[in-house]
Amino acid sequence: KVNTGVNTADLTVVTVGRYVPNLTPEQSLSAYSNEYRRMANALTALPGVSAVSGGNDIPYLNQPEQRRTRALYTRDRPTRDLAFRSPSQGADVMPGYFALLGIPIVEGRDFTDADTIGSLPVVIIGQHTARELFQNRSAIGQQMRWGDNAEYDPWMTVIGVVGDTKWQPAEPVPGFEIYWSHRQYPGPNMHLLIRSSGGPAALQGPIRAALAQVNPDFAIERIKSLDTIAVESVWQRRLWGFVLSAFALLALGLAALGIYGVMGYLVAQRTREIGIRMAIGAQTGEVILLVLRNGMGLVLIGCALGLVGAFAATRLMAGVLFGVGVADPVTYLAVAALLSGAALVSCALPALRASRIDPLVALREDG
């Protein structure tokens, strides 16, 4: 349910690739980028397909929990000791990539097929990146460079600023996002994104046939919906959530059972006292309140000690928490209320049983 800045609905991902060794940049443009453009055109012609684009990397797919820290240079900070260093994510993308994923272009323009080898090196960055690198100035027309290899990573002109995205749904804070034109950096792999009215199952056959007609030498690695990829990207956190929830429910059940057993034992130990109280006029409600007061007093002390222990333990678990802080008051109060409720039920049953004790029977058994 987290807003990742990406619209995954009705999107199918087709991962294709082909490696040809020892190509010059111009040959790579022909062998890779031009072929991917032909594939996109062929897929667009399929029934039910409304748009096709792609990138050599996309959100959720094959992404680690942490982005890699990269050095980013601007004309104001052109040296290594002044460079910005932050968790970053980059991708070479085709025109229409942002519109297809629902990522807004908030300033400037998208890439076009004219942004190719030999033209002005250009780049599109995320809003967070623009704010950090250029402060209160407009990023459009500014120059920046990614990485420490000045020969491979030349100065690039910013032509657009887009909305921030989460490359993993559980990312805690935004990172730097840099996008290049795939025609300026053609590579052997591409994740083609297809928006259509039908899902991957309905498109499997037509997609394979269309791509085989364009170039049968490209291997198809994956045909899968982006929704499925997004869910699969958080399977580890889902597993942790399930395991921890199961142990938490088990602990709650054992705690409630333990409280019930202890309270039942305490009531049994006080059978004569309860009989005497009822013999001299104690009402049923008074007996129930007596038992509950004694039991819940212990529960409140336990809750106080438990909250202190939980606060210390969650600091050790900070790495697996998501959407809640280590000192989140709502969570602490909710858990304390839940445990107190379970304890109240566990105390209520012995209390009701105590209220039904026959004073004469209790006194006779004690004697």
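Contact here means heavy atoms within 4.5 Å. Helices (H or I, at least four residues) and strands (E, at least two) are DSSP runs, numbered from the N terminus. This is a predicted model in which local features need pLDDT of at least 70 and side-chain atom pairs count only at pLDDT 80 or more, while totals for chains, interfaces and linings use all residues. Residues are numbered from 1 along each chain as its sequence is written, and side-chain values use heavy atoms, with hydrogens and water left out.

**Exercise 1. Helix α6**

Task: Compare the reach of helix α6 with its expected span, then find which helices its buried residues pack against.

Solution. 
- Step 1: α6 runs over residues 235-269, 35 residues in total. The expected span is 1.5 Å times one less than the number of residues.
- Step 2: From first C-alpha to last, α6 reaches 51 Å, close to the 51 Å expected.
- Step 3: Pick out the buried residues (under 20% relative accessible area; exposed is over 50% and partly exposed in between, with a 1.4 Å probe and protein chains only). In α6 these are L252, A256, M263, G264 and V267.
- Step 4: As background, an α-helix has 3.6 residues a turn, so residues three or four places apart point the same way.
- Step 5: The packing partners of the buried residues of α6 are α7 (271-279), α8 (284-316) and α9 (329-355).

**Exercise 2. V267 in detail**

Task: Which residues does V267 contact, leaving aside neighbours within four places in sequence?

Solution. 
- Step 1: V267 belongs to helix α6, and its relative accessible area of 8% makes it buried.
- Step 2: With the neighbours within four places set aside, I274, V291, P350 and A354 are in contact with V267.
- Step 3: For a contrast of sequence and space, take A219: V267 lies 48 residues from it in sequence and 74 Å from it, C-alpha to C-alpha.

**Exercise 3. Salt bridges**

Task: Count the salt bridges, then work out which parts of the fold the D76 and R137 pair ties together.

Solution. 
- Step 1: The rule asks for a side-chain nitrogen of Lys or Arg within 4 Å of a carboxyl oxygen of Asp or Glu. The count is 8 salt bridges.
- Step 2: D76 and R137 form one of them, with N to O at 2.9 Å. D76 sits in the loop between β3 (68-74) and β4 (84-93), and R137 in the loop between α3 (127-134) and β7 (143-146), so the pair joins parts 61 residues apart in sequence. R137 is partly exposed, at 40% relative accessible area.
- Step 3: In the bridge between D115 and R109 the closest N and O atoms are 3.0 Å apart. D115 is buried at 6%, whereas R109 is partly exposed at 35%.
- Step 4: E232 and K224 also pair, with closest N and O atoms 3.3 Å apart. E232 is partly exposed at 38%, and K224 is partly exposed at 26%.

**Exercise 4. H182 and the largest cavity**

Task: Is H182 buried or exposed, and which residues line the largest cavity?

Solution. 
- Step 1: H182 lies in the loop between β9 (176-181) and β10 (189-196). Its relative accessible area is 2%, so H182 is buried.
- Step 2: Beyond four places in sequence, H182 touches S33, Y36, D92, V93, M94, G187, N189 and M190.
- Step 3: On a 1 Å grid over the protein atoms alone, a cavity is a set of points where a 1.4 Å probe fits but cannot get out, a pocket is an open set with protein on both sides within 12 Å along at least five of seven lines, and lining residues have an atom within 4 Å of a point.
- Step 4: A volume is the space filled by probe spheres set on grid points, which are joined across faces, edges and corners.
- Step 5: The lining consists of S33, Y36, R37, V93, M94, P95, D113, H182, R183 and M190. Helix α1 (25-44) gives the most, with 3 residues.

**Exercise 5. The largest pocket**

Task: Which element gives the largest share of the lining of the largest pocket?

Solution. 
- Step 1: This pocket has a volume of about 1500 Å³. Of its 49 lining residues, L244, A248, L321, T331 and V335 lie nearest the centre.
- Step 2: Two or more lining residues come from each of α5 (226-232), α6, α8 and α9. The largest share, 13 residues, comes from α6.
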